[in-house]
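Dear colleague,

Please find below the structure that I am handing over to you. My notes on it follow directly after the model.

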Amino acid sequence: MKLQCYSSIVVLLLLHALAASSAATDFDFFYHVQQWPGSFCDSKKGCCFPANVKPAADFGIHGLWPNYAACRPVTADADAPEIRISKTKKECWPESCNATDAFSLLQVRDLLGDMDRNWGTLSCKSNDSTPFWSHEWEKHGTCSNMDQHVYFAAALQYKARFNLTRILFDVGITPSDEKTYFLSSIRDAITEATGSKPSIGCNKGVAGEMQLFEVYLCVDRTGTRPVDCPGPVQGRKCSDKVQFPAF
């Protein structure tokens, strides 16, 4: 009798754990984040190339990040996933929602060519993009309500749909180490092409100049429909005019 009771408890615990791990994550939209390699490399940290091969002069994917439309007060929920907490003690996005769902190259093997071309690491920590993809999946992808293949495919498809390099080129905004561009012109060009307002992130070059670094396109929870971004991105302030450095 005790054995049967113990077995029943074990089954219930396993079912509860399974239900918790498969529960849908609550969020409002995705940030589809792309970064300009020229700005990444023209920084104090510098850059390194995947497999020591310089990538094309094109925006590359940083990630597809579930996000809240507004930061929320922190709740004391022991079962909640790890959350990103701002200095004001609020949660601004979910992260690391399933510690048991590790990244697997086998699950995205048919996407690897596209991932190498469009989602490669520029960090000098490793010239292999696998740790980068693993980090993006385990921190952000596990909160996306998608499986690994759907998650990476959605990010790649959205980049292909809205080619930021081409969008800017078509309005005369081209990489240059001499020119500067109004931030409003960059934002307006992307808004016109995508039908939604982006957020822009900047960094400082080695000489201290303000540079276009990242473009945040906002996407609905399905990862397919453009939506307006709610406002500026924390920690990525830009000046009115920025450089778009050559790469």
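Which element gives the largest share of the lining of the largest pocket? That share, five residues, comes from helix 4. Helices (H or I, at least four residues) and strands (E, at least two) are DSSP runs, numbered from the N terminus.

Some conventions come before the details. This is a predicted model, in which local features need pLDDT of at least 70 and side-chain atom pairs count only at pLDDT 80 or more, while totals for chains, interfaces and linings use all residues. Residues are numbered from 1 along each chain as its sequence is written, and side-chain values use heavy atoms, with hydrogens and water left out.

Confidence

The protein chain has a mean pLDDT (the predictor's confidence in each residue, from 0 to 100) of 88, and 85% of its residues reach 70 or more. Over residues 1–21 the pLDDT is below 50, and this stretch has one contact in the model beyond near neighbours in sequence; contact means heavy atoms within 4.5 Å. Where pLDDT is low, the predicted coordinates should not be read in detail.

The largest pocket

A pocket is here an open set of points on a 1 Å grid over the protein atoms alone, with protein on both sides within 12 Å along at least five of seven lines; a cavity is a set of points where a 1.4 Å probe fits but cannot get out, and lining residues have an atom within 4 Å of a point. Grid points are joined across faces, edges and corners, and a volume is the space filled by probe spheres set on the points.

The largest pocket has a volume of about 1,400 Å³. Its lining consists of 43 residues, with His62, Trp65, Glu214, Tyr216 and Arg236 nearest its centre. Among the elements that give two or more residues to this lining are strand 1 (29–35), strand 2 (60–67), helix 4 (130–139) and strand 8 (210–219). The lining residues divide into 20 nonpolar (Ala, Val, Leu, Ile, Met, Phe, Trp, Tyr, Cys and Pro), nine charged (Asp, Glu, Lys and Arg) and 14 polar (the others, Gly among them).

Elements around the pocket

Strand 8 is mostly covered, with nine of its ten residues buried; buried means under 20% relative accessible area (1.4 Å probe, protein chains only). Strand 8 pairs in the antiparallel sense with strand 1 over six bridges, two strands being paired if DSSP finds at least two bridges between them. In the former pairing, Tyr31 stands opposite Cys218. Strand 7 (residues 199–204) also pairs with strand 8 in the antiparallel sense, over six bridges, and Lys204 has Met210 as its bridge partner. The hairpin of strand 7 and strand 8 has five residues between the strands, and there Gly208 takes a positive phi near 90°.

In helix 4, the buried residues are Phe132, Trp133, Ser134, Glu136 and Trp137. Their cover includes strand 2, helix 3 (112–118) and helix 5 (148–161).

Leu64, in strand 2, counts as buried because its relative accessibility is 2%. Beyond its neighbours within four places in sequence, Leu64 is in contact with residues including Phe30, Tyr31, His140 and Tyr151. Leu64 and His140 are 76 residues apart in sequence, yet 7.1 Å apart in space, C-alpha to C-alpha.

The cavity

The structure holds one cavity of 30 Å³ or more, and the largest cavity has a volume of about 170 Å³. Of its 16 lining residues, Pro55, Asp58, Gly60, Arg117 and Gly120 lie nearest its centre. Helix 3 gives the most to this lining, with three residues.

With kind regards

Terms used:
Buried means under 20% relative accessible area, exposed over 50%, partly exposed in between (1.4 Å probe, protein chains only).
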